[in-house]
Amino acid sequence: MIRRSRSGHLRRLAIATVTAGLAVPLLASAGSAQATRTPAARTGTLGAPDPATLICAMRTAPKFPITFTPPLRDAAAQPTEARGVMLLERCSSPNGKAADIASGRLEITGSAAASCRSATNVRGTGTVTWQDAQGKSVGTSKLTTESSQTAGSSPTDSLLSGSVSSGRLSGRQVGAMATPTTDLGQCTSPSGLSELSGAGRLSFA
């Protein structure tokens, strides 16, 4: 029983990691190393870290979970493509530089050599459409990530980094933490894990 419980815990961490690499420029797994998942803070003139420009709650959009083609399995990694939509909600701007942004919709695509336990050669792009508190569009941001780093079952191996390449918040570093809400037992089924839902936080430093 102890071995099965530990295995299930590691698989949950791995899936969050794989989702991050394939899906969002830059979801990292939740866990005890959560503090390392936040993008490095910028440093002010006196050496104190600057507050983040924007922090949003994040969840997969209804009817648009992260999909994997082909499905992920516990077996050896294989070329995989992923796509989906994340809703960014309850956004706040600690440093006041993006105070007009209240929410956003992030459409993502990515590829990697992936299984339920690892992801390498991760490449992804995403486009966020931002809205203010009245639902009016206030711009877009393009996110990019490219990493050969292995995302394994340990949360300490899963840190990925990315940035805003153009549009609002251009040049800002992006980081995310997410917890999957999908039944990960599908990893061991004949059909594999074809889609994944989750929730967490996205930040722009």
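**Before you start**

Residues are numbered from 1 along each chain as its sequence is written, and because the model is predicted, local features need pLDDT of at least 70 and side-chain atom pairs count only at pLDDT 80 or more, whereas totals for chains, interfaces and linings use all residues. Side-chain values use heavy atoms, with hydrogens and water left out.

**Stop 1: the whole chain**

Show the protein as a cartoon and you will find 1 helix and 11 strands. Helices here are DSSP runs of H or I with at least four residues, strands are runs of E with at least two, and both are numbered from the N terminus. Read from that end, the order is α-β-β-β-β-β-β-β-β-β-β-β.

Of the 205 residues, 45% count as buried. Buried means under 20% relative accessible area, exposed means over 50%, and partly exposed is in between (1.4 Å probe, protein chains only).

Contacts tell you how the chain folds back on itself: among those between residues at least 6 apart in sequence, 65% join residues at least 24 apart. A contact means heavy atoms within 4.5 Å.

**Stop 2: the nonpolar core**

Select L54, L88, W130, L193, L202 and F204. In the largest nonpolar core, which has 34 residues, these touch the most other members. Such a core is a set of buried Ala, Val, Leu, Ile, Met, Phe, Trp, Tyr and Cys residues joined through side-chain atoms within 4.5 Å.

Now centre on L88. Leaving aside neighbours within four places in sequence, L88 is in contact with C56, A57, M58, S103, G104, V128, W130 and L202.

S103 sits in strand β5 and is buried, at a relative accessible area of 18%. Beyond residues up to four places away, S103 touches L88, E89, C91, T129, W130 and Q131.

**Stop 3**

Select I55 in strand β2 (residues 54–60). I55 is partly exposed, with 24% relative accessibility.

Then move to E195, in strand β10 (residues 193–196). E195 is partly exposed at 40% relative accessibility. Apart from residues up to four places away, E195 touches P65, I66, T67, F68 and T182.

**Stop 4: the salt bridges**

Side chains of opposite charge can pair when their charged atoms come close. There are 4 salt bridges in the count here, each being a side-chain nitrogen of Lys or Arg within 4 Å of a carboxyl oxygen of Asp or Glu. Three of them are worth a visit:

- Select R117 and D74, which meet at 3.7 Å, N to O. R117 is in the loop between β5 (103–114) and β6 (119–131), while D74 is in the loop between β3 (66–72) and β4 (78–92), so that the pair links distant parts of the chain, 43 residues apart.
- Select D100 and R168, whose closest N and O atoms are 3.0 Å apart. D100 lies in the loop between β4 and β5 and R168 in the loop between β8 (162–167) and β9 (173–180), so the pair ties together parts 68 residues apart in sequence.
- Select E107 and R105, which meet at 3.6 Å, N to O. Both are partly exposed, E107 at 46% and R105 at 33%.

**Stop 5**

Finish at D132, in the loop between β6 and β7 (137–147). D132 is buried yet has no salt bridge. How far away is the nearest side chain of opposite charge? That side chain is K136, 5.9 Å away (Lys and Arg count as positive, Asp and Glu as negative; His and the chain ends are not counted). The backbone nitrogen of K136, however, lies 2.9 Å from a polar atom of the D132 side chain. Leaving out residues up to four places away, D132 touches D100, A102 and V138.

Technical notes
Polar contact = N/O pair within 3.5 Å; in protein donor to acceptor, adjacent residues only side chain to side chain.
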